[in-house]
Amino acid sequence: MDKLEIMNERSRGTMMEFLGIRFIAAGSNWLEATMTIDERSCTPAGIGHGGALMALAESVGSSLSYMNVDINTQDVRGLEISGNHLKAATGTITARATLLHCGRTTHVCEIRITNQEGQLVNISRMTNIVITKKQ
């Protein structure tokens, strides 16, 4: 099983599965996922709910940090996330998280969410803390 299959499997039974978030591509310091705006993730007006977009951003940002720690001895927790909604989101959107800082105890990433035309609909920044798992 490759890294993306493992990440998608680990998402079963979580908010990520409920929202239809699917990891699609990864590199050493970046990760991409898609989500389709539908009845689970839209407002009454039929556009992407800001909370759903932030859930996508946080899911991709956290998962990128997990890809860059020893999961046997370390864990990741979100410390802070902020985002700006720039355009209404409809259809299938893609989030790409990129590590800006990959330190020993903190990771900072930028998440850019684009629509099917490649237009930026949300830009977010997330800080994660890396902790040692309790034995």
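Visitor: Is Arg40 buried, partly exposed or exposed?
Guide: Arg40 counts as partly exposed, at 32% relative accessibility. Buried means under 20% relative accessible area, exposed over 50%, and partly exposed in between, computed with a 1.4 Å probe on protein chains only. Please note that this is a predicted model, in which local features need pLDDT of at least 70 and side-chain atom pairs count only at pLDDT 80 or more, while totals for chains, interfaces and linings use all residues. Residues are numbered from 1 along each chain as its sequence is written, and side-chain values use heavy atoms, with hydrogens and water left out.

Visitor: Which side chain meets that of Arg40 in a salt bridge?
Guide: The partner is Asp38, at 2.7 Å from N to O. A salt bridge here is a side-chain nitrogen of Lys or Arg within 4 Å of a carboxyl oxygen of Asp or Glu. Asp38 counts as buried, at 19% relative accessibility.

Visitor: How many salt bridges are found in the whole structure?
Guide: The search finds four. Among them is the pair Arg12 and Glu9, whose closest N and O atoms are 3.1 Å apart. Arg12 counts as exposed at 53% relative accessibility, and Glu9 as partly exposed at 41%. Another of them joins Asp75 and Arg77, at 2.9 Å from N to O. There, Asp75 counts as buried at 14%, whereas Arg77 is partly exposed at 41%.

Visitor: Let us turn to the strands. What is the order of the strands in the open sheet?
Guide: The sheet has six strands in the order β1-β2-β4-β5-β6-β3, with antiparallel pairing. Its edge strands are β1 (22-26) and β3 (74-85), each of which pairs on one side only. Neighbouring strands are turned by 25° against each other on average, direction ignored.

Visitor: What do those names and pairings rest on?
Guide: Helices (H or I, at least four residues) and strands (E, at least two) are DSSP runs, numbered from the N terminus. Two strands pair if DSSP finds at least two bridges between them. In general, strands of a sheet pair through backbone hydrogen bonds, either parallel or antiparallel.

Visitor: How many bridges join β1 to β2?
Guide: Four bridges join these antiparallel strands. A hairpin leads from β1 to β2 through three residues. Within this pairing, Ala26 has Leu31 as its bridge partner in β2, and Ala25 has Glu32.

Visitor: And which residue of β4 is the bridge partner of Leu31?
Guide: That is Ala97. Trp30 likewise has a bridge partner in β4, namely Thr98. Strand β2 (residues 30-36) and strand β4 (residues 92-102) run antiparallel and are joined by seven bridges.

Visitor: Why is β2 described as largely enclosed?
Guide: Five of the seven residues of β2 are buried, so the rest of the structure largely encloses this strand.

Visitor: Now the helices. Which strands does α3 touch?
Guide: Helix α3 packs on the sheet and touches β1, β2, β3, β4, β5 (106-114) and β6 (120-132). Contact means heavy atoms within 4.5 Å. The direction of α3 makes about 145° with that of β3. Axes are lines fitted to C-alpha atoms, for helices over the stretch in contact, and angles run from 0 to 180 degrees between N-to-C directions.

Visitor: How many residues of α3 are buried?
Guide: Of its 17 residues, 13 are buried, and α3 is thus mostly covered.

Visitor: What span should α3 have?
Guide: The expected span is 1.5 Å times one less than the number of residues. For the 17 residues of α3 (residues 50-66), this gives 24 Å, which agrees with the 24 Å between its end C-alpha atoms.

Visitor: One last topic: how many disulfides are there?
Guide: The structure holds zero disulfides, a disulfide being a pair of cysteine sulfur atoms within 2.5 Å. Cys102 is in none, and the nearest cysteine sulfur, that of Cys109, is 10 Å away.
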